[in-house]
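I set out below what I looked up in this entry, in the order in which I checked it.

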Amino acid sequence: MHIPDGFIAPQVYMPAYGVAGVLWAAGLRRLRRTLEPAAVPRLAVATASAYALMLVTIPLPGGTTAHITGVGMMAVLLGSRQAFLALSLVFLIQALSLGDGGVTALPVNALAVGLVGSAVARAAYALAPGRPWSLFLAGWLGTVVPAVVVALVLGWQPRLGATADGQPLYFPFGWAVTLPAIVLPHLMVGIADGVVTVASWRMLRAKEAA
Amino acid sequence: MKDRALLALYLGLVVAGSLVHDARWLGAGLALVILSAWRDAWPLMRRTVRAVWPFVTAIALGWLLVQRGDWRAAAPVTLRITARVTLLTMLAFRMLPAVSLPRALGFSPTLRFVLVLATSQLLTFRRLFTDFRLALLARTPRRVGPTVALRHGATTAAWFLRRAEHDATLMSEALDARGFFLDRD
């Protein structure tokens with residue numbers, strides 16, 4: 001999901017900025033109006049921990065590695081609204097300060113990972129709160145569903161912009177390529193995300209009980 | 001004001017760059033960015049190539065495969081996409097270091113506040129994460145396998161989440177002690 005600039009058509013990233021912008025503004029307004037003094041610092045450190053979770057790498061078959069997304073964990077611990085804001089801030093800082101991922105991919109990532117991913121993960125967790133299987137499902141779905149959304153968005157690009165002779169102007173591959181190429185590895189990453197979500201949840205509960 | 005104007009200019013150039021489809025114009029834009037960097041042109045080019053090569057190589061090879069190895073048929077799309085991705089990435093590396101993000105996004109005091117706190121914490125967490133990873137490597141005589149990696153990932157995640165809660169409490173107490181919350185509406 002570290003898509004550089006130039007792959008996504010303006011017909012996609014501009015409306016995506018519109019939708020994400022409205023949600024960001026509503027989230028920030030809600031944050032400003034909250035009477036709890038710790039709300040803003042909590043969001044800031046949640047952002048930093050969301051970034052730290054994304055640094056956790058796991059080896060994949062074939063000698064490669066992938067990083068977990070931590071979306072399920074963030075959604076379970078913070079709720080989908082806070083997770084959306086925290087993950088959006090991570091993408092904003094990555095795109096504009098750390099040079100990781102393009103500014104045109106920012107709203108797509110925020111909506112796919114931050115909004116859809118955390119909402120699905122939270123819904124999965126709500127099926128049986130605290131149970132290992134619901135935590136695993138939250139971690140797995142929080143990774144796989146955003147991957148499907150991003151694959152659909154990328155695979156849509158050839159239909160959005162093409163020259164008169166049908167040559168693509170942006171990302172050139174359709175869904176037949178993007179869905180297997182992006183979703184299949186994330187099925188594995190999702191398993192790792194699910195295991196990490198269950199294990200770290202247990203560790204947090206054990207520390208609290210101690 | 002300067003930061004906001006620079007960020008707006010950068011975003012405008014990104015939109016313009018994504019609306020240009022002629023590889024020659026994109027190449028001219030690339031030359032302009034390189035010339036504008038002057039003495040820093042070489043590090044800028046090196047950083048850009050390092051950032052974009054996995055993507056553009058995968059796209060170029062994949063598209064060549066779709067075109068059944070016909071270089072001539074694959075060249076226009078490959079050139080256009082490579083030139084655009086390289087231009088926009090180089091533009092980001094050229095312009096964004098000059099922009100102070102909290103100042104540029106200062107139209108929302110809440111956003112600026114969160115950004116400053118989040119960035120400082122994020123850089124600290126990144127350093128701590130590197131220390132954790134190096135400690136794992138130093139204590140593992142063999143190559144780190146999936147089980148160890150997952151256990152380490154879960155421990156690290158739990159540690160960061162606990163640390164986050166602790167830091168949030170400390171930060172809000174420090175801000176409260178300095179009267180930060182007194183002027184909140």
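**Helix H3 of chain A and its surroundings**

I began at the end of H3(A), which is followed by Gly79(A), a residue whose phi is positive, near 90°. I took helices (H or I, at least four residues) and strands (E, at least two) as DSSP runs, numbered from the N terminus. Before going further, I noted that this is a predicted model, in which local features need pLDDT of at least 70, side-chain atom pairs count only at pLDDT 80 or more, and totals for chains, interfaces and linings use all residues. Residues are numbered from 1 along each chain as its sequence is written, while chains are lettered from A and ligands numbered from 1 in the order in which they are written.

I then looked up burial in H3(A). A residue is buried if 20 or more other C-beta atoms lie within 10 Å of its own, exposed if 12 or fewer, and partly exposed in between, with C-beta atoms placed from the backbone. Eight of the eight residues of H3(A), residues 71-78, are buried, so this helix is largely enclosed by the rest of the structure. Among them are Val71(A), Gly72(A) and Met74(A). The buried residues of H3(A) pack against H2, H4, H5, H6 and H7 of chain A together with H7 of chain B.

I followed Met74(A) individually. Leaving aside its neighbours within four places in sequence, Met74(A) is in contact (C-beta atoms, placed from the backbone, within 7 Å) with Ala50(A), Ala83(A), Ala86(A), Leu87(A) and Ser118(A).

**Chain interface**

I found 57 residues of chain B in contact with 52 residues of chain A. On the chain B side, H7(B) gives the largest share, 20 residues.

**Confidence**

I checked pLDDT, the predictor's confidence in each residue, from 0 to 100. The mean for chain A is 88, and 96% of its residues reach 70 or more. Within chain A, confidence is lowest in strand S1 (residues 57-59), at a mean of 72, and highest in helix H5 (residues 106-127), at 95.

Conventions: Two residues are in contact if their C-beta atoms, placed from the backbone, lie within 7 Å.
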